[in-house]
Amino acid sequence: MRNLNVPILEGGVILKIISFVVPCYNSAAYMRKCIDSLLVAGTDAEIIIIDDGSVSDDTAVIADEYEKNYPHICRTVHQENGGHGEAVNTGLRYAMGLYYKVVDSDDWLDCDSLLLVIKKLKAFHAANICVDMMICNYVYEHVLDNTSKTISYTNVLPVNCIFGWKDVGHFRIDQNLLMHSVIYRTQVLRDCGLVLPKHTFYVDNLFVYVPLPYVKTMYYMDLDLYRYYIGREDQSVNERVMIGRIDQQIRVNNLMIDAYNLPEDVKNRSLAHYMMKYLAMISLVTSVMLIISGTDEDRVKRCSFWNDFKKGNPKMYHHIRYSIQGIASNPPGKWAESVVIWGYHIAQRIFKFN
């Protein structure tokens with residue numbers, strides 16, 4: 001049996017079990033902590049650092065430093081600014097690992113958990129077992145009050161075994177599969193033709209939506225792997241920032257709507273149900289941000305969003321519009337808008353998602 005504690009050699013070349021892609025834009029203040037946490041995986045991993053046109057700090061210099069100091073692990077790609085999605089696209093073009101994981105430059109991975117994940121992925125390869133998606137827990141690390149909140153899936157997913165969508169249980173409102181929690185088999189992303197839009201925030205929703213019908217086998221490890229740093233005022237999930245970028249949120253939401261005709265395009269009923277629920281949740285977020293904005297312009301945008309949805313796909317619109325999330329997305333009058341805003345802020349405090 002192959003020793004899983006040493007790098008795998010194929011044809012005299014070290015096989016990369018996983019490609020970590022780290023999109024960086026003016027990230028000098030925190031990218032070292034992220035990259036250092038990934039180096040724990042050693043030569044089983046490649047770390048692709050995408051300098052996405054950074055201009056105001058030493059991001060490019062730091063990225064080159066890692067490539068110089070760890071030539072068998074780190075690679076740096078300098079490109080014109082294309083946004084988070086284009087950095088993910090570039091990483092996928094360069095990736096040589098069997099698996100693919102995006103780690104934002106202000107986040108990091110837990111070292112002990114990472115070693116266990118690498119060991120399991122190497123065991124899959126040694127046994128010639130194909131797993132399309134690995135799932136682990138993630139942890140919100142809140143900078144403002146120095147608290148943390150773990151999102152786990154023990155009540156939803158079978159633990160430490162290979163399973164399919166028919167084995168998946170009911171996700172709570174705070175338990176969707178996010179970029180933080182998934183590791184894809186690289187070929188799955190290529191097979192589904194995933195290309196994220198340039199200069200657009202919130203593309204992580206497409207990343208965990210478009211590939212799902214191509215995922216046939218999954219494995220869940222009850223490990224707190226991804227540490228999601230949250231609380232900076234300039235973060236994309238900050239409420240004020242989201243309202244300022246609402247057109248990008250709408251664009252991503254529309255791309256999700258256009259990706260599949262649900263449930264017809266997805267034959268597995270359990271998966272179709274999950275995707276419908278996730279799409280409804282993203283549509284709710286879009287509507288709530290437009291409501292919180294409070295401007296007449298954004299009220300018109302909200303009406304246009306739902307009218308366009310209805311015109312483009314009446315059947316799927318009906319499913320989404322009359323779900324719990326869809327009803328909450330369309331409050332009947334300004335008094336009800338206040339209730340929606342109140343409910344959103346209550347959920348924000350409970351689940352601490354931004």
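Predicted model: local features only at pLDDT ≥ 70, side-chain atom pairs only at ≥ 80, totals over all residues.
1. Ser19 stands opposite Tyr100 in strand 6. Strand 3 (residues 18-24) and strand 6 (residues 99-102) run parallel and are joined by four bridges.

2. Ser19 stands opposite Glu46 in strand 4. Strand 4 covers residues 45-52, and seven bridges join it to strand 3. Strand 3 and strand 4 run parallel.

3. Is strand 3 covered or open? Strand 3 is mostly covered, with seven of its seven residues buried. In a regular strand, side chains alternate between the two faces of the sheet. On one side of strand 3 lie Ile18, Phe20, Val22 and Cys24. On the other lie Ser19, Val21 and Pro23. Both faces are covered.

4. Strand 6 can be read in the same way. Tyr99 and Lys101 are on one side, and Tyr100 and Val102 are on the other. These four residues are all buried, and both faces of strand 6 are covered. Note that Lys101 is among the buried residues.

5. Which strand pairs with strand 6 in the antiparallel sense? Strand 11 (residues 182-185) does, over two bridges. Here Tyr99 stands opposite Arg185 in strand 11. A hairpin comes next. Strand 8 (residues 133-142) and strand 9 (residues 147-151) pair in the antiparallel sense over five bridges. Tyr138 stands opposite Ile151 in strand 9. Four residues lie between the two strands of the hairpin. Asn146 takes a positive phi near 55° there.

6. Now the helices. Two packed helices are described by the angle between their axes and the distance between the axes. Take helix 9 (residues 269-293) and helix 10 (residues 296-312). Their axes come within 8 Å and cross at roughly 160°. Angles over 145 degrees count as roughly antiparallel, so helix 9 and helix 10 are roughly antiparallel to each other. The crossing is left-handed.

7. Which residues make the contact of helix 9 with helix 10? Helix 9 gives Ser283, Ser287, Leu290, Ile291 and Ser293. Helix 10 gives Asp298, Lys301, Arg302, Phe305 and Trp306. By class, the contact has four nonpolar, three polar and three charged residues.

8. Helix 10 also packs with helix 11 (residues 314-321). The angle is about 135°, and the axes are 5 Å apart. Helix 10 and helix 11 are therefore oblique to each other. Trp306, Phe309, Lys310, Lys311 and Gly312 contribute from helix 10. Pro314, Met316, Tyr317, Ile320 and Arg321 contribute from helix 11. Six of these residues are nonpolar, one is polar and three are charged. Trp306 is listed in the contact with helix 9 and in the contact with helix 11.

9. What is the angle between helix 9 and helix 11? Their axes cross at roughly 75° and come within 9 Å. Helix 9 and helix 11 are therefore roughly perpendicular to each other. Met276, Leu279, Ala280 and Ser283 of helix 9 meet Met316, His319 and Ile320 of helix 11. This contact has five nonpolar, two polar and no charged residues. Ser283 touches helix 11 and is also part of the contact with helix 10.

Conventions:
Residues numbered from 1 in each chain as written. Heavy atoms only, no water. Axes fitted to C-alpha atoms, helices over the stretch in contact; angles between N-to-C directions. Parallel < 35°, antiparallel > 145°, perpendicular 65-115°, else oblique. Left-handed = near helix turned anticlockwise from the far one by under 90°. Contact = heavy atoms within 4.5 Å. Nonpolar A, V, L, I, M, F, W, Y, C, P; charged D, E, K, R; others polar. Buried < 20%, exposed > 50% of the residue type's maximum accessible area, 1.4 Å probe, protein only. Pairing = 2+ DSSP bridges.
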